[in-house]
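This report examines a two-chain structure one part at a time. Please keep the sequence and the model in view while reading.

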Amino acid sequence: MIARIAYAFREMWASFRRNLTLTAAAILTSAIALLLVGTTLLIQRAFENLLVQWKGDVAMIVFVRSDATPEQIALIDESIRSAPTIINVDKLEYLDKTQTYEEAKRIFAGDPVTLSLLTPENIPSEFKVVPLTQDPALVRSLSEQYRSLPGVEDVALAEDEFQVISTLSRFVRTVTLVMSLVLLVVAVGLIWNTIRTAMFARRREIEVMKLVGATNWFIRVPFMLEGLLQGLIGAVLSCGGLWALNSAWTGGVAGFKPGTGISSLVVPSGYLSAVMVVILLIGAFAGAIGSAIAASRFLDV
Amino acid sequence: MIRLENVTKRYGSETVAVRDASFDVAKGDFVFLVGPSGSGKSTILRLINRQERPERGDVWVAGQNVNDLPDSRVPFLRRNMGNVFQDYKLLTGKTVFENIAFALEVIGKPRHVIARQVPIVLELVGLAGKEDRFPNQLSGGEQQRVSIARAFVNRPLILLADEPTGNLDPATGEGIMSLLDEINQTGTTVVMATHDHRVVNAMRRRVIQLDRGVIVRDQERGVYE
């Protein structure tokens, strides 16, 4: 068993070094593709920070003063529920101070100064309102009505704040996703091609191996390892790029004026690590797939 | 050891390589397959080691029906057979030792077995002391000896040889034949395809003659004609 494993790694390494140019091309392509995949994930998460309040068709948020009495809160709840033809009452959601504070942590992820001013005590609680109507004017007039209720601090409308960004985020996400998928396919293709070339260069050897009774898996494994290694190296490179990109971005965002919303567009480092793990897995997987296809396809030499 | 029953093999729809061939080879036999180029000798060898599958009929090797064997078992069938070719099929980038060791390595034999077996078989084929040479530093006869060593190092039940003397001068060919004879003496069944009259007539072994895919003669202690 040990002899077999040693053999597989020795062969992988020899073949890896033999086709340096092709190998480099395959690695670079997978690095770029994976960098794009990672960037897509990060952008998505950054926009999600910004849009976290507005998830699920929420079009209006009624902020309740932190010192509002339970009676005042009940009154606000009742007034919102009094218009069941305009408001989707089933989806009405009330976030208490603790929940709102959790949300704020994401919104102000890149703005620690603002975040430090907030505590679970002084933060407003909030009602999230999903309208039934498609008419923005109706929602707007309703918001004016709520604003005058006792205990209401402010009413925010999605239309005013985040419609544009949410459209933009969807667009950016689609474009980067499509691009990264295309590049990923190209990367798999290039890995496939390097493995095919490697196998062609060694077809005599493979023929002899088959004649003396080597199993197909025995022949295939070093080639698959080679592809896996290519994908993995590409992934490591792209992780480095992703880290550099994210550091530069987080640093740049700090320079923006607070309250413009840009400061929400950063990701916590825990999420970045998770993305890197995903990237490494995708890289290894894509490499193994590309080489496995090549190895099966060209084993009948 | 080897049995063909009414085996027919065609390449494409026109060319009949082997037509309705039947014969039996007992354990320890030495058999020549003779006939002109294209008469189906090589095809029969390729049917025995399952490089080809017959269109009709059955091929039995060591009690196993080779046609029924799933692809995943074919490598294990081949571990019972050594193959020797006219063009040796040695790996030019490997030394003599490595070429022979390769056959053991790829079937997962541990190093200490390889280190013990390879020198023994090198001694047997008369190449002791040349283990570090590369194939292109050897004569044709020596290269064929390396290829025989590679085929025999695993002590197979059967040795299949396809024109092993085809590229060699008569004297060298004789040497190869006495080596194959020696291997046959150890109990290994040898099937050799050839159109070399001299070696067939000198050896006086069983001869199966083919003509355009059909067995026209099967004779104990035969000659080429």
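Residues are numbered from 1 along each chain as its sequence is written, while chains are lettered from A and ligands numbered from 1 in the order in which they are written. The model is predicted: local features need pLDDT of at least 70, side-chain atom pairs count only at pLDDT 80 or more, and totals for chains, interfaces and linings use all residues.

**The sheet of chain B**

Helices (H or I, at least four residues) and strands (E, at least two) are DSSP runs, numbered from the N terminus. Two strands pair if DSSP finds at least two bridges between them. In chain B, six strands form an open sheet with mixed pairing, in the order β6-β7-β8-β3-β9-β10. Because β6 (81-85) and β10 of chain B stand at the edges with a single partner strand each, one side of each has no neighbour in the sheet. From one strand to the next, the twist averages 15°; for angles, axes are lines fitted to C-alpha atoms, for helices over the stretch in contact, and values run from 0 to 180 degrees between N-to-C directions.

Strands β9 (residues 206-211) and β10 (residues 214-219) of chain B run antiparallel and are joined by five bridges. D211(B) has V214(B) as its bridge partner in β10(B), and L210(B) stands opposite I215(B). Two residues lie between the strands of this hairpin, where R212(B) takes a positive phi near 45°.

**A buried strand in chain A**

A residue is buried if 20 or more other C-beta atoms lie within 10 Å of its own, exposed if 12 or fewer, and partly exposed in between. Is strand β1 (residues 60-64) of chain A buried or exposed? Five of its five residues are buried, so β1(A) is largely enclosed by the rest of the structure. In a regular strand the side chains alternate between the two faces of the sheet. On one side of β1(A), M60(A), V62(A) and V64(A) are buried, and on the other I61(A) and F63(A) are buried.

Strand β1(A) pairs with β4 (residues 152-157) of chain A in the antiparallel sense over five bridges. Five bridges also join β1(A) to β3 (residues 125-129) of chain A, again antiparallel. M60(A) has L157(A) as its bridge partner in β4(A) and V129(A) in β3(A).

**Nonpolar cores**

A nonpolar core is a set of buried Ala, Val, Leu, Ile, Met, Phe, Trp, Tyr and Cys residues joined through C-beta atoms within 7 Å. The largest has 123 residues, and L33(B), I48(B) and V191(B) are among those with the most contacts inside it. Helix α2 (residues 20-51) of chain A gives the most to this core, 14 residues. Another core, of 17 residues, lies apart from it and includes I61(A) and F127(A).

**Contact between the chains**

The contact takes 13 residues from chain A and 14 residues from chain B. On the side of chain A that touches chain B, α1 (2-18) and α9 (203-211) of chain A each supply at least two residues.

Terms used: Contact = placed C-beta atoms within 7 Å.
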